[in-house]
Amino acid sequence: DLQPTKEVGRKFYGGFQNGFHFHGFQLDVLIQFVKQTGWNYLSQFQRPGSLYINQPVWVMGGWQRPGQQSSIQQYAENFRSPAAKAYSNAQASDASTSDASFIRLKNVSLSYELENKWLKKVSLSSVRIFLEGQNLLTRTKFLGMDPENQNAQILPPLRVLAAGIHIGL
């Protein structure tokens, strides 16, 4: 009857941020979490066997022989085959939604500020050495590339690492 049976959306979200300072070292951490239901790979990909090029690896576990049990339909050559119709029915069902909850280590920054006694010898006001990272780790059971945007056409947030030295004259 094509009536929705699952609610798609966020239940709650939040994060934890903290900073630690010890003998010139500074550590800052941000952890993000979201409890939600969302659209998975099945809702966005064409049926296995179509000319759609980039498909998730899990379609390789699709039905191949009589008696085999699989949640992925067999490959089909045309859109009028029973397998193609079954795949379309699966896409329209609640099988195309899943738990999209996640916890992500969003930002980490570690820095060290040199002591003033060293800086006076080289006529500098401050020197800070730092290492920063973004999107370092994501834990999820989501069937898709990124549980945050839930779109198979958009790449997940990139993991970024940066290191440097900040010198104040």
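Trainee: Is Lys 117 buried or exposed?
Mentor: Lys 117 is exposed, with a relative accessible area of 54%. Keep in mind that this is a predicted model.

Trainee: Which residue forms a salt bridge with Lys 117?
Mentor: Glu 115 does. The closest N and O atoms are 3.8 Å apart. Glu 115 counts as partly exposed, at 40% relative accessibility.

Trainee: How many salt bridges does the structure hold?
Mentor: Three. One of them joins Asp 146 to Arg 104, with the closest N and O atoms 2.6 Å apart.

Trainee: Where do Asp 146 and Arg 104 lie?
Mentor: Arg 104 is in strand 4, residues 102-113. Asp 146 sits in the loop between strand 5 (126-140) and strand 6 (160-168). The two are 42 residues apart in sequence, so their pairing ties those parts together.

Trainee: And is Asp 146 buried or exposed?
Mentor: Asp 146 is buried, and Arg 104 is too. For Arg 104 the relative accessibility is 3%.

Trainee: Is Glu 148 buried or exposed, or in between?
Mentor: Partly exposed, with a relative accessible area of 29%.

Trainee: Which residues are linked in a network of salt bridges, then?
Mentor: Arg 104, Asp 146 and Glu 148.

Key
Residues are numbered from 1 along each chain as its sequence is written. This is a predicted model: local features need pLDDT of at least 70, side-chain atom pairs count only at pLDDT 80 or more; totals for chains, interfaces and linings use all residues. Side-chain values use heavy atoms; hydrogens and water are left out. A salt bridge is a side-chain nitrogen of Lys or Arg within 4 Å of a carboxyl oxygen of Asp or Glu. Helices (H or I, at least four residues) and strands (E, at least two) are DSSP runs, numbered from the N terminus. Buried means under 20% relative accessible area, exposed over 50%, partly exposed in between (1.4 Å probe, protein chains only).
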